[in-house]
Amino acid sequence: FATGGLSITLVLTTMMVVWRLFFVIGFSAAAQSWTPVASGTTANLRSVSAKGQDAWVGGDKGTVRKTTDGGMTWQDVAPRGVADVDFRDLEVIDDRTAFLMSSGQGPQSRIYKTTDGGATWALLTTNLEPKGFWDCMGFWDPTHGIIVGDPPAGGDGRFTIMTTIDGASWQKIKGPSANKDEGAFAASGTCVFTRGTREAWFGTGGLGGARVFHSVDGGQTWSIAKTPIRHDSANAGIFSLAFSDALHGIAVGGDYMKPDESAGNIAITADGG
């Protein structure tokens with residue numbers, strides 16, 4: 001949603017990382033211990049990705065910052081001329097390669113790529129749907145990825161699905177149909193989860209949402225499952241998905257305008273959704 005996740009800051013982003021770490025390394029003490037560090041910016045930080053001691057964060061006002069020493073110091077590595085965009089998703093491939101996605105209506109949704117550690121960026125693609133909105137992206141490997149976006153207003157009522165097979169060019173493919181008042185949330189880029197070489201899930205919200213879409217063929221076809229996550233307003237639904245294997249996964253969400261209400265905020269699956 002264009003308004004989805006506007007209150008999601010680095011704290012919620014960090015929570016999403018914690019969920020992913022829990023699946024990978026279990027409930028270890030290291031995953032539960034956090035030390036605040038100064039990022040050097042007052043921007044809302046909405047996206048994060050890390051490899052070893054290297055970590056990148058992105059946010060509003062075109063903000064992108066990077067650390068190579070575990071968060072002790074941070075440097076500005078944002079693309080130039082992007083002060084008007086909101087970076088909601090970061091996918092770091094290695095110490096030099098990263099993908100960066102902004103969310104916003106129409107051309108405010110963009111994908112950038114760096115191959116030199118953030119020194120320079122190439123604009124790969126821009127949303128050409130004037131009323132479209134990209135929510136999140138995921139990658140199976142450095143060259144194969146997927147973008148999930150809301151159904152454009154006045155369009156065919158289908159979610160926007162775009163894929164790449166070379167890590168550079170993106171093609172739109174036929175997306176699954178959405179219910180009335182259903183969309184995804186640009187919640188720090190975690191509304192989509194990729195696994196293996198072609199498997200993907202994405203979650204939705206809104207009055208018609210709280211559903212999970214599942215593809216085993218790189219986004220060509222989708223199966224759909226309802227979840228018990230609350231979706232009683234345009235602000236409510238699934239914000240984030242993560243899977244530890246093909247069967248075991250978790251969906252977290254709620255209503256971002258009512259963060260103190262915990263009912264219906266977490267759902268788990270043991271059968272692939």
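Me: Buried means under 20% relative accessible area, exposed over 50%, and partly exposed in between, with a 1.4 Å probe and protein chains only. Why does Cys136 count as buried?

Reply: The relative accessibility of Cys136 is 0%, and the limit for buried is under 20%, so Cys136 counts as buried. The model is predicted: local features need pLDDT of at least 70 and side-chain atom pairs pLDDT 80 or more, while totals for chains, interfaces and linings use all residues. Residues are numbered from 1 along each chain as its sequence is written, and side-chain values use heavy atoms, without hydrogens and water.

Me: What makes Cys136 and Cys191 a disulfide?

Reply: The S to S distance between Cys136 and Cys191 is 2.0 Å. A disulfide requires two cysteine sulfur atoms within 2.5 Å, so the pair qualifies. The structure holds one disulfide.

Me: Why is this disulfide of Cys136 and Cys191 called left-handed?

Reply: The torsion about its S-S bond is about -80°, so the disulfide is left-handed. Cys136 belongs to strand β9 (residues 133-141) and Cys191 to the loop between β12 (171-173) and β13 (192-195), so the bond ties together parts 55 residues apart in sequence. Strands are DSSP runs of E with at least two residues, helices are runs of H or I with at least four, and both are numbered from the N terminus. Cys191 has a relative accessible area of 1%, so Cys191 is buried.

Me: How do you know that Lys172 and Glu129 form a salt bridge?

Reply: Their N to O distance is 3.2 Å. The rule asks for a side-chain nitrogen of Lys or Arg within 4 Å of a carboxyl oxygen of Asp or Glu, so this pair passes. Lys172 sits in strand β12 and Glu129 in the loop between β8 (122-126) and β9, 43 residues apart. Glu129 is partly exposed, at 31%. By this rule the count comes to nine salt bridges.

Me: Which residue does Lys180 pair with in a salt bridge, and is Lys180 buried or exposed?

Reply: The partner of Lys180 is Asp181, with the closest N and O atoms 3.1 Å apart. Lys180 has 69% relative accessibility and therefore counts as exposed. Asp181 has 41%, so Asp181 is partly exposed. Asp181 also has a positive phi of about 60° although it is not a glycine, and lies in the loop between β12 and β13.

Me: What ties Arg230 to Glu261?

Reply: A salt bridge does, with closest N and O atoms 2.9 Å apart. Arg230 lies in the loop between β16 (223-226) and β17 (236-243), and Glu261 in the loop between β18 (249-255) and β19 (266-269), so the pair ties together parts 31 residues apart in sequence. Arg230 is buried at 13%, whereas Glu261, at 37%, counts as partly exposed.

Me: How many residues of β18 are buried, and what makes β17 and β18 a pair of strands?

Reply: Seven of the seven residues of β18 are buried. Gly249, Ala251, Gly253 and Asp255 point one way, and Ile250, Val252 and Gly254 the other way. Two strands pair if DSSP finds at least two bridges between them. β17 and β18 have seven bridges and run antiparallel, so they qualify. Ala242 stands opposite Ile250, and a hairpin joins β17 to β18 through five residues. β18 also pairs with β19 in the antiparallel sense over four bridges.

Me: Why is the pair of Phe185 and Phe239 called edge-to-face?

Reply: Rings of Phe, Tyr and Trp (its six-membered ring) pair if their centres lie within 6.5 Å; planes under 30 degrees apart count as stacked, over 60 as edge-to-face and the rest as tilted. Phe185 and Phe239 have centres 5.0 Å apart and planes at 85°, so the pair is edge-to-face. Phe185 is in the loop between β12 and β13, and Phe239 in strand β17. Phe185 is buried at 1%, and Phe239 is buried at 8%.

Me: What is the angle between the planes of Phe193 and Phe243?

Reply: The angle is 40°, with 6.1 Å centre to centre. Phe193 lies in strand β13 and Phe243 in strand β17, so the pair ties together parts 50 residues apart in sequence.
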